[in-house]
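Hello,

Here is the structure I promised to pass on to you. Have a look at it first, and then read on for what turned up.

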Amino acid sequence: MLPLLRLLQDGRFHSGEALGVALGVSRAAVWKQLRALEAELGLPVHKVRGRGYRLASPLRLLDEGQLAASGPDHAWPITVLPSVDSTNSEALRQLSSQRQPPFVVLAERQTSGRGRRGRAWVSPFAENLYYSLVLRVEGGVRQLEGLSLVVGLALLRAIRALGVEQAGLKWPNDLLVNGRKIAGILLELSGDPADVCHVVIGIGVNVNMLPAESLSIDQPWTSMRAELGCGVDRNELVGLLNEQLSAYLGRLRQEGFAKLLEEWQGNHLWQGRRVVLTAGTQQIEGVVRGVDSTGALRLLVDGVERLFSGGELSLRLCNDS
Ligand code: BTN
C-alpha cells in the first residue's frame, strides 16, 4: 500500500490508469488498494469522474531513502513500516530473530502502541512519530543509569530545534508544554540485565495530530503542530532526533549521568514544586529537589530527603503547587 500512498501523498488527482502504470499493476488492483487505504488506514480517497483519485488531505510520509541519505556515515539503519502493533514490540521481535543492533524501527501507525504503566499510546496514521532505537548494553544495568533521562534531554533538543521552545521535562521522561504532554519515552530491556543485554528506546511524539480530532487520550496533551500553528516534517524531526541521541548517548557513555545532571535539572519543569508521587497503591507527597547521579528522583518528604526510581512511578502536581 505504501507505494500507492507515495504517489497520492501530494493530494492531487491521479488517474487510475496512471497509478496502474506507475505501480505496474492493473486498474482493478489499483482500485482494490484504494479501498484498502480507506478501510484499513481510515484515509478518505476522493474519486471524481474524468480526473481520477486523490487523498482528502495531502500527506508527508516517512521516507527511508531520505532518512538514510541525510544521516552521517555511522547512522543507525532505519526501517519504516506502514503499520505495526508497536514499534517496540517489532524491535524486540527483530532482536529475537538475530538482527544486530543498533537499528531503528519507525512506523506510520501503531495498532497497539504502548505507553508507560500499561497505558495505550494513541498512534494515528502518518501524523506522529513512533520511533524505537535498539542498542546493545554491555556491563549490566549500571550502564543504563540515567539513560531514560538523557533520552529525554536529546528529544527535548530535537523538538526545540524545530521551534517548540517552551517544551520541558517532567521526571522521569515526559515532555510537556504548558502542562500538556507532547512526547513520552518507554524503555524496555531484553536479555540478562546483569551482563549483556539490549535496550529498546521507544519514543512517541505528537507531531501533527490536532486536539480537535476525536481521540481517546486520557490526559491533557498537545502536539508540535498545535504549538507552532503549522505542520512539521517528520523526516526532519527523525534526522534531528538521531543527531541529538547519538551526541547525548556518546556523552552518557563517556562521562556518566552525573555530568548531565545539572542540564537535566535546568530543564525540569517541576523542580522545586510540591507533587504527589504514586507508587502502586501508595501516594507520597513532597517537594521535588531534583535527581541524583543515577537519575532517581530526590523528594523532600516531611523534612527528609527520599529517593525514588523505577518504571512504575508517576508524578502529579499538588493542587496548591
Ligand atoms: C509514555 O507513556 O509516556 C511512553 C510512550 C511511548 C510511546 C512510544 S511510540 C513508539 C514506541 N512504541 C510503543 O509501543 N511505545 C513507544
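Predicted model: local features only at pLDDT ≥ 70, side-chain atom pairs only at ≥ 80, totals over all residues.

Let me start with the ligand. Around it there are 20 residues, and those that come nearest are Ser86, Gln110, Arg114, Arg116 and Lys181. Sorted by class, this shell has 10 polar, 6 nonpolar and 4 charged residues.

The side chain of Thr87 has an N or O atom 3.1 Å from a nitrogen of the ligand. For the side chain of Gln110, the N or O atom is 2.9 Å from a ligand nitrogen. Arg114 takes part through its backbone, with an N or O atom 2.7 Å from a nitrogen atom of the ligand. Taken alone, the ligand exposes 410 Å², and the protein buries 98% of that area. Two or more shell residues each come from helix 5 (87-96), strand 5 (129-137), strand 8 (180-191) and strand 9 (197-205). Strand 8 gives the largest share, with 4 residues.

Now to the charged pairs. The structure holds 15 salt bridges. In one of them, the side chains of Asp218 and Arg119 meet at 3.6 Å, N to O. Asp218 sits in the loop between strand 9 and helix 7 (224-228), and Arg119 in the loop between strand 4 (103-107) and strand 5, so this pair ties together parts that are 99 residues apart in sequence. Asp218 is exposed, at 59% relative accessible area, while Arg119 is partly exposed, at 31%.

Is the pair of Asp174 and Lys181 buried or exposed? Both residues are buried, and the closest N and O atoms of their salt bridge are 3.0 Å apart. Lys181 is also among the residues that come nearest to the ligand.

A further salt bridge joins Arg251 and Glu263, with 3.7 Å between the closest N and O atoms. Arg251 belongs to helix 8 (residues 234-255) and Glu263 to helix 9 (residues 261-266), so the pair ties together parts that are 12 residues apart in sequence. Arg251 is partly exposed, with a relative accessible area of 30%, and Glu263 is partly exposed too, with 21%. Through shared partners, salt bridges join Arg157, Arg251, Glu255 and Glu263 into one network.

Finally, a note from the records: an unreviewed UniProt entry lists residues 16-35 as "DNA-binding region". Over those residues the chain is 85% helix and 0% strand, and the end C-alpha atoms are 13 Å apart.

Best wishes

Definitions and conventions: Residues numbered from 1 in each chain as written. Heavy atoms only, no water. UniProt positions renumbered as here; feature names shortened; annotations may be inferred. Near = heavy atom within 4 Å. Polar contact = N/O pair within 3.5 Å; in protein donor to acceptor, adjacent residues only side chain to side chain. Areas by Shrake-Rupley, 256 points an atom, 1.4 Å probe, with all protein chains shown as cover. Nonpolar A, V, L, I, M, F, W, Y, C, P; charged D, E, K, R; others polar. Salt bridge = Lys/Arg side-chain N within 4 Å of Asp/Glu carboxyl O. Buried < 20%, exposed > 50% of the residue type's maximum accessible area, 1.4 Å probe, protein only.
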